[in-house]
Amino acid sequence: MTSFNDCKLNFGRMYTYDILQEIANHLLERTQLRPKIGIILGTGLGSLANQLTDADYIDYQTIPHFPVSTVEGHVGRLIFGFLKGVPVMCMQGRFHYYEGYPLAKCSMPVRVMKLVGCTHLIATNAAGGLNPEYKVGDIMLMKDHINIMGFAGNNPLQGPNDSRFGPRFPNMVNAYDWKLLKKAKEIGKDIGIENDLHEGVYICLGGPNFETVAELKMLRIWGVDAVGMSTVHEVTTAVHCGMTCFAFSLITNLCVPSYDLEETPCHDDIVGIGKRRESTLTDLVARMVKHIHTELKQ
């Protein structure tokens with residue numbers, strides 16, 4: 001009989017370096033662009049991809065060995081295009097643990113980005129604001145995260161380590177580049193959203209249920225500012241393979257640890273907040289992309 005641990009190891013071997021290189025080559029044969037910046041668009045933020053010009057669209061279902069996103073609001077395609085004149089590789093729809101995919105599969109596209117040639121990752125997500133100073137529509141720049149699933153032994157880097165991706169024991173200190181954080185705050189001031197911009201700690205929970213009051217009280221004690229169901233394993237994978245990371249959360253609902261509230265989080269509302277903030281988020285990401293592009297040329 002095959003044990004659970006054997007299944008995990010077999011899955012880890014499923015996405016070998018050669019398999020991921022095959023995926024990367026498949027993509028590179030379908031576009032002339034060679035981007036250095038990869039972008040992951042979270043729930044409600046997929047419309048940012050509509051701003052790309054001269055774009056090549058590749059549906060997930062047409063890519064060999066690729067999973068398919070099952071979440072409403074996630075289109076499910078890779079896009080190679082220009083964002084304000086800068087070539088980027090964009091994931092319009094990500095994969096989540098609660099969809100039934102192991103974390104290694106959820107974060108697999110990050111390694112594909114690396115093999116395509118991306119040196120930087122910009123990850124976005126929709127999150128619940130736990131910090132009482134946050135309001136719906138605010139943007140939290142991620143300065144750090146808590147990998148609670150990793151505490152329980154569920155990590156995208158589990159299994160045999162291929163040193164061509166990165167070291168066996170990657171250092172996660174300063175996983176989110178402080179220079180890019182500083183630049184994002186400068187951009188926020190330039191575009192007039194400094195009062196809506198925060199810097200905080202994000203936590204990824206397994207989902208798909210939202211949190212109980214007791215859980216929210218515990219997370220607040222831990223120093224968590226925003227709660228979501230993605231990003232941490234993607235950034236962990238990106239850091240492992242030497243990519244520079246910048247990430248932010250759009251606060252789409254408030255996580256208030258009280259039993260007296262009648263309102264509860266709603267997926268449709270989360271998508272709606274993303275659409276409402278579309279122009280601001282596009283401007284922020286575009287300016288960050290432009291900055292990274294300029295830095296890479298120096």
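## Aromatic pairs in the predicted model

Six aromatic pairs are counted here, a pair being two rings of Phe, Tyr or Trp (its six-membered ring) with centres within 6.5 Å; planes under 30 degrees apart count as stacked, over 60 as edge-to-face and the rest as tilted. The model is predicted, so local features need pLDDT of at least 70 and side-chain atom pairs pLDDT 80 or more, while totals for chains, interfaces and linings use all residues. Residues are numbered from 1 along each chain as its sequence is written, and side-chain values use heavy atoms, with hydrogens and water left out.

Two of the pairs are set out below.

| Pair | Centre to centre | Angle between planes | Class |
|---|---|---|---|
| Tyr17 and Phe165 | 5.2 Å | 45 degrees | tilted |
| Phe66 and Phe95 | 5.9 Å | 70 degrees | edge-to-face |

Tyr17 belongs to helix 2 (residues 17-28), and Phe165 to the loop between helix 5 (148-151) and helix 6 (178-190), so their pair ties together parts that are 148 residues apart in sequence. Helices (H or I, at least four residues) and strands (E, at least two) are DSSP runs, numbered from the N terminus. Tyr17 is buried at 19% relative accessible area, as is Phe165 at 9%; buried means under 20%, exposed over 50% and partly exposed in between (1.4 Å probe, protein chains only).

Both rings also carry a charge over them, meaning NZ of Lys or CZ of Arg within 6 Å of the ring centre and within 35 degrees of the ring normal. Arg111 sits over Phe165, 4.1 Å from the ring centre, and Arg164 over Tyr17 at 4.2 Å.

Phe66 is buried at 10% and Phe95 at 0%. Together with Tyr60 and Tyr101, they form one aromatic cluster.
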